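Dear colleague,

My notes on it come after the structure itself.

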Amino acid sequence: NVAAILGNIGNLQKETGDLDAAFDTYQEVLRLESYRLGYSHPEVAISLHNVATIEAARGKYDSALLIYQKVSSLQKMLFGNEHGSLAVTLGCMGDVHERLGDLKSAIDCYEKALKVKSNLVGRHHLEAGRMLHKLGKMTCAHEEFNLAESYTSRAVLIYRLNRLPEDHEWLVDAYRDKADIEAAIALGDGKTFEC
């Protein structure tokens, strides 16, 4: 299968940092798969996702977002609204929105990804904790301290339920973030605080 071989070459190009070559290779894979399999095929969704990932890595966020939106629509059509690949795509869309400075859209995407992921692996799974912690960090950085405190507290709870050692870097980081957020809340409105 030529498309699979090209896909592997694109992966190697991406890993070595040759993003322009990887983009061209993934585009060729997408062309071949779309022709051979039709646009509404899971392999095409994977190839589209790869193209979007390269666009994001190259800093072409608007293009990446448009492609991720196409991927998300295709995944919903193929798999429904509760599939792991959709959670990944929603998380990637959240990353792009965050890089574009659109906090509201980023949070919306991350929360949707969290909902899908939690339904798949359980709401107390470490992956859910990591997503909550990311949401806590992001909302803290944008001075939405009460929301950040909620996300971070839930992340700490999940980490502890999963019996992470007290010196585990995720738990240490979450405790530090929680303390910073609580300090920011204690300072009150109008005070500047860096998370």
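This is a predicted model: local features need pLDDT of at least 70, side-chain atom pairs count only at pLDDT 80 or more; totals for chains, interfaces and linings use all residues.

The largest pocket holds about 290 Å³ of space, and its lining is made up of 16 residues, with Y110, E127, R130, M131 and K134 lying nearest the centre. Sorted by class, the lining comprises 7 nonpolar, 2 polar and 7 charged residues.

Turning to α7, this helix has 16 residues and reaches 22 Å from its first C-alpha to its last, close to the 22 Å expected at 1.5 Å a residue. Its buried residues include M131, together with A128, L132, H133, L135 and M138 among others, and what covers the buried residues of α7 includes α5, α6, α8 and α9. After α7 comes E143, which has a positive phi, near 60 degrees.

As for α6, its 19 residues reach 26 Å from the first C-alpha to the last, close to the 27 Å expected at 1.5 Å a residue. Y110 is one of the buried residues here, and others among them are L103, I107, L114 and V116; the cover over the buried residues of α6 includes α5, α7 and α8 (145–161). Just after α6, G122 takes a positive phi of about 105 degrees.

With best wishes

Terms used
Residues are numbered from 1 along each chain as its sequence is written. Side-chain values use heavy atoms; hydrogens and water are left out. On a 1 Å grid over the protein atoms alone, a cavity is a set of points where a 1.4 Å probe fits but cannot get out, and a pocket is an open set with protein on both sides within 12 Å along at least five of seven lines; lining residues have an atom within 4 Å of a point. Grid points are joined across faces, edges and corners, and a volume is the space filled by probe spheres set on the points. Ala, Val, Leu, Ile, Met, Phe, Trp, Tyr, Cys and Pro count as nonpolar, Asp, Glu, Lys and Arg as charged, and the others, Gly among them, as polar. Helices (H or I, at least four residues) and strands (E, at least two) are DSSP runs, numbered from the N terminus. The expected span of a helix is 1.5 Å times one less than its number of residues. Buried means under 20% relative accessible area, exposed over 50%, partly exposed in between (1.4 Å probe, protein chains only). Contact means heavy atoms within 4.5 Å.
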